[in-house]
Structure formats: C-alpha cells, structure tokens
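Subject: Structure for your review

Dear colleague,

Please find below the structure that I would like to hand over to you. A summary of the findings follows it.

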Amino acid sequence: MHLSPDEIVLWQHGFLKLNATIAYTWGLMLVLAVGSKLVTRKLSTGLRRSRWQNLLEIVVTAINGQIAEVGLRQPEKYLGFLGSLFLFVAMASLFTIVPGYEPPTGSLSTTAALAICVFVAVPLFGIEDRGLGGYLRAYLKPTFIMLPFNIISELSRTLALAVRLFGNMMSGTMILAILLTITPFVFPIAMSALGLLTGMVQAYIFSILATVYIAAATRTRSSEPGEDD
Amino acid sequence: MLIDWFTVVAQVANFLILVWLLKRFLYRPILDAIDAREKRVASALAEADAKKAEAQKERAEFQDKNEAFDRQRASLLSKASDEAKAERQRLLDAARQAADALAAKRHEALRSELQVLGETLSRRTREEVFAIARKALADLATAGLEERMVEVFTRRLREMDVAAKAGLGQALASASAPGVVRSAFDLPEAQRAVLQSAVNEAFSAEIPLRFETAPELVGGIELSTDGQKLSWSIADFLATLEKGVGDLLKGNDMAEAGVEQASAAKGDGHGN
C-alpha cells in the first residue's frame, strides 16, 4: 500500500530515477500528442469533417469559451497553458478506468509541479500584459499595508492548488483500493464512476482557478479574487 | 516525504513539453481549421447574399421588362386595331365614294346619251316636219297667195296696238333710208301701191318704201326699218313654231333629269 505513484520506482541511477508518476505522465503525453497529431493530420476546413475532428473542435472551443467567460480578452493566448492543464488533469483522471493505472495527479510531486507552473505563469502573464511596474503595483493595492497579505495569498493559493488536486486524486485511488479489500465486485465500480466524476470536476476547478488567477493578474485588481474552494 | 523534488522538476519539464506539443498538434491546427471554415462559411453566405440580391434585382428587372412589354403590346394592339378600323372605314368610304361616282357617272352618261338622242330625234323630227311644211307651203305659194298676204298684212298693220304702231312709225319717219318691204315673190305694182297707201295711212305720213324679193320667207311680207320690224311670213310662223317646239322639248328634258336625280338619291339611301 502506497500513497503516491512516486513510490513505485522503475529505474534508478544515482540522482536520476524513473518512477511510475513520470512513466504514466509520459504515457499520457504520448496519447495526447499522438492522438492530436493523428486527428489534426487531415483536418477538413469544409462543412464535412470527421467525428474525431468534431470532438477535438468541441473540446478546444469549449475551453476557449470558458477562458473567455472568465474574462480574459484574448483566450487564444492562454489556451496553450490553461487548455493543457485541463486536458492533462482530465486525461489523468479518465485513465483510472484502465486497471493497474495510477493517475500521476495522485502524486503530490505532480500537483506541486503544476501549481508551481501556475505560480510562475501568473506573474509572467501579468507582466506581459501590464508591464513589470504595473504588475508589482498590484501588490500594493488597495494600500501598501496589504503587500504582505497579497504575497501570502499568492503563495498559499499555490499550495492550495497542489494539495487540493493531490488530495482528491489520491483519495479516489485510495478509496477504490480500500473498498476493493472490503467489498469486492459491484461497489468499487460505483466508486470508480464517482472517482471519474470527481476527477473531471477537479480538472475543471484546477484550470478555472488558474484562469481566474491569470485574469486577476492581467487586469486591474478591482476586486480581490476570494480564496478558492 | 510526499514530495519528491526530482519528480517535481521532471513533471514541470514534462508539462512544459506537453504544452508545446498540444500547441503544436492540437490548438493551432484546430483553431486554424475553425477560422478557415468560418471564413468559408462567411464568404459562402456573402456570396449567397450577393447572389440573392442579384437574383432579386434581375427578377425586378425582368418584371419591369415584362410589364413594359405587356403595356407596349397592349398599346400596339390597340393602335393596330384602331388603325385597322380607320383603314376599314377609309376603304369603305373610298369604295362608297367610288361606287357613288361610278353610279353618278353612269347616270350622267345615260342622261347625256338620252339627251343627245332626244335632241337628235327632236331636231330630226323638227327638220323633217319643217322641211315638209316648207315644201308644201312653197308649192302652194303663188301670186294669188301673195295678194292675199298683202291683204292680211295691211289688216295687221291697221290692227297693231297703239304703242307698237307709234314706235314703228317714229322709226320709219326718223330713218335716213327708206323702209324695206320684203316678200317671197316680186310684188305687182298694184299691190305695191296698196301697201304704200296702207303704210302712209297707218302712220299718217309719206313713208318712202323700197321693195325687195326674199325667197327664204317662203310666203309673206315683212316691213323693216332701223331695228324695227313688222312681218307676217310663213318662215316667221315656222320659226315661232320651231322655237315653241324646241322650248317644249327642253322643258321635258329638264323635268326628266330632275326625276332621275331624285331616284338616284333614293337608291343611295337603300345602299347604306
């Protein structure tokens, strides 16, 4: 019984090691990249198009619409980062239906990595949009007294992002594992379905929170985004 | 320890690679395809709009043309029918006029032919009658007849009405030349004397007379001076008779012509 797929080490050479988290991440990356490549290899610009193209168009336009809905003016600019966040987390949850699979998002290392990415991306997008001075001035608002609180908020929400996703994903697999030992056969299937739903919800929450942070950083902070959950 | 920092770094790298891969293989092609399709749809819609507008324009144009054509056709038709009516009327009028002219001409020809025939007939008749009468009277005329004629003449001279007698007397008296007495035969001296005395007596003056013979008188005596004449001769009678007959015939002709014209007018009325 292990809490994280990090503990399954497949290969190690001194500092370098290949654990299940990285391996499954590579697998997901391969599936996503190759699947996209296969579908977009023969895209149709006409009125008739393949089902897979339709599916990908729906996914991409839905993500784009969500980003725009949150309030970012040019959703295409943020689509690469935010869309990839969502797709990675969603695919990681979706593949839990495959037996023997451990979602990489069930590892705190992965969720921390993703949260760090968001933590770095938010000021980058903010500076790109408003300039360095403009972005830094936002920490002094509404008054300079709020500066430490703003910094704490920045750090804590990153931590929250990482832990929330990890907790949810890990609990899903943990519950499944525990239930399998207590009540085999039917009940774990229901829990597995519930886990899928939770995974999708978490993917949505993770990416939408990242979007909100970026939106807050790129706009005048008229209102402080409330702490998540 | 739940966080393995090597894995964190590896996952950050993995995630960045994934972002790049998905940008490369998913978002850009899909968004490009959507843009291209939207452009195509927009252009197709614009084209359809343009075609629709053009079709509507052409339809309106065609309708206008159709209406104009209908109007033109109707006007041409009415004009043509009017013209045909007018032409028919004109032809009918012309035909009627031609028929009238022809009938009138025919009437005229008939009438003139009839007139010529009548005139010829009457002239010939008259000539024949007078030739016969003249011949008969010439055959009968003798000295005895002349004597009798002198008698009649003297009686007429005496019985002349007063105005005529005064006029003739004045003419005889004022004439520079003597009055001329013409007769068909040469008058014997005795009768000349009778005539002279009768004239003198009638006009109560010495009237100089000159006696001449004129066979064309057929029979009879004629006293004439400057423009005035007193005569009793068969030729005179015949001339008077001829004139009377001629007047009578002319009157008949005119009456006939009147009747013909009236009947012709009646015939026209039926013709209409």
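Leaving aside its neighbours within four places in sequence, with which residues is Ser207(A) in contact? The model is a predicted one, and in it Ser207(A) contacts Leu82(A) and Phe86(A) once those sequence neighbours are set aside. Ser207(A) belongs to helix α6 of chain A, which covers residues 187–218. Since buried means under 20% relative accessible area, Ser207(A), with 7%, counts as buried.

Lys141(A) and Pro142(A) are joined by a cis peptide bond, with omega at about -5 degrees. For context, most peptide bonds are trans. Pro142(A) lies in the loop between α4 (108–137) and α5 (147–182) of chain A.

The positive patch consists of Lys37(A), Arg41(A), Lys42(A), Lys23(B), Arg24(B) and Arg28(B). Two elements each give two or more residues to this patch, namely α1 (20–41) of chain A and α1 of chain B. Of the contributing elements, α1(B) gives the most, with three residues. Arg24(B), one of the residues in the positive patch, is located in helix α1 of chain B.

The negative patch is made up of Glu54(B), Glu58(B), Glu61(B), Asp64(B), Glu67(B) and Asp70(B). Asp64(B), a member of this patch, sits in helix α1 of chain B, which spans residues 5–140. Helix α1 of chain B therefore holds Asp64(B) as well as Arg24(B), under the helix assignment used here.

Finally, some totals for chain B. Its secondary structure comprises five helices and four strands, and their order along the sequence is α-α-α-β-α-β-β-β-α. Of the 272 residues in chain B, 27% are buried. Among contacts in chain B between residues at least 6 apart in sequence, 77% join residues at least 24 apart.

Yours sincerely

Conventions. Residues numbered from 1 in each chain as written. Chains lettered and ligands numbered in written order. Predicted model: local features only at pLDDT ≥ 70, side-chain atom pairs only at ≥ 80, totals over all residues. Heavy atoms only, no water. Patch = residues over 30% accessible without salt bridge, like charges linked within 9 Å, V, L, I, M, F, W, Y side chains within 5 Å. Areas by Shrake-Rupley, 256 points an atom, 1.4 Å probe, with all protein chains shown as cover. Salt bridge = Lys/Arg side-chain N within 4 Å of Asp/Glu carboxyl O. Lys, Arg positive; Asp, Glu negative; His and termini not counted. Charge placed at Lys NZ, Arg CZ, Asp CG, Glu CD. Buried < 20%, exposed > 50% of the residue type's maximum accessible area, 1.4 Å probe, protein only. Contact = heavy atoms within 4.5 Å.
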